[in-house]
Amino acid sequence: MARLVGAVVVVAVVLAALAASLQTASAAVSCSEVTSAVAPCLGYAMGSTSSPSASCCSGVRSLSSRASSTADRRAACSCLKSMTGRLGGGGASMSNAANIPSKCGVNVGVPISPNVDCSKIN
């Protein structure tokens, strides 16, 4: 039940971020772009699939290419930090979320963790 509630919260965040992207634009990578890129990873992050899907890895690769500046990486970091905080509980969910880039063979330059200090990202 807690896993279902966590998934519902993450989906709500995804939809809110997508709606916000229609209203604002910024120079750095937006939260809605990050959310859209990693939305296909939700199943793996929540532990309902054994590996990230091809669409998940494609989104992570896309995010990696878009986050080319320090400002982009810090913005992506803040977004991912917020999203992982909403996954709730830690355990398999946090381990899976943190391992998505390596499972996809991509270095995004941003750790996926609710405890990262995004101001230290270069």
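Visitor: Which residues does N96 touch, not counting residues up to four places away in sequence?

Guide: Before the answer, a word on the source: this is a predicted model, in which local features need pLDDT of at least 70 and side-chain atom pairs count only at pLDDT 80 or more, whereas totals for chains, interfaces and linings use all residues. Residues are numbered from 1 along each chain as its sequence is written, and side-chain values use heavy atoms, with hydrogens and water left out. Contact means heavy atoms within 4.5 Å, and once residues up to four places away in sequence are set aside, N96 touches Y44, A45 and G47. N96 and G47 are 49 residues apart in sequence, yet their C-alpha atoms are 7.0 Å apart in space.

Visitor: Is N96 buried or exposed?

Guide: The classes rest on relative accessible area, with buried under 20%, exposed over 50% and partly exposed in between (1.4 Å probe, protein chains only). N96, which is found in helix α6, has a relative accessible area of 15% and is therefore buried. Of the 122 residues of the protein chain, 37% count as buried.

Visitor: How many helices and how many strands are there in the protein chain?

Guide: Helices (H or I, at least four residues) and strands (E, at least two) are DSSP runs, numbered from the N terminus. The protein chain has 6 helices and 0 strands.

Visitor: How do the axes of α2 and α4 cross?

Guide: Axes are lines fitted to C-alpha atoms, for helices over the stretch in contact, and angles run from 0 to 180 degrees between N-to-C directions. The axes of α2 (residues 31-38) and α4 (residues 54-66) come within 7 Å and cross at roughly 150 degrees. Angles under 35 degrees count as roughly parallel, over 145 as roughly antiparallel, 65 to 115 as roughly perpendicular and the rest as oblique, so α2 is roughly antiparallel to α4. On the α2 side the contact is made by E33, V34, A37 and V38, and on the α4 side by C56, G59, V60, L63 and R66.

Visitor: Which residues have the most contacts inside the largest nonpolar core?

Guide: In soluble globular proteins, nonpolar side chains tend to be buried together. A nonpolar core is a set of buried Ala, Val, Leu, Ile, Met, Phe, Trp, Tyr and Cys residues joined through side-chain atoms within 4.5 Å. The largest one here has 27 residues, and those with the most contacts inside it are V34, V60, L63, L80 and I100. Two or more residues of this core come from each of α2, α3 (42-45), α4, α5 (70-87) and α6 (91-104), and α5 gives the most, with 5 residues. Leaving aside its neighbours within four places in sequence, L80 is in contact with V34, V38, L63, V110 and I112.

Visitor: Which side chains meet in a salt bridge, and what do the pairs tie together?

Guide: Side chains of opposite charge can pair when their charged atoms come close. A salt bridge is a side-chain nitrogen of Lys or Arg within 4 Å of a carboxyl oxygen of Asp or Glu, and by this rule the count comes to 2. In one, the side chains of R66 and E33 meet at 3.8 Å, N to O; R66 lies in α4 and E33 in α2, so this pair ties together parts that are 33 residues apart in sequence. R66 is partly exposed at 33% relative accessible area, and E33 is partly exposed at 30%. The side chains of D117 and K120 also meet in a salt bridge, at 4.0 Å, N to O; D117 counts as partly exposed at 37% relative accessibility, whereas K120, at 64%, counts as exposed.
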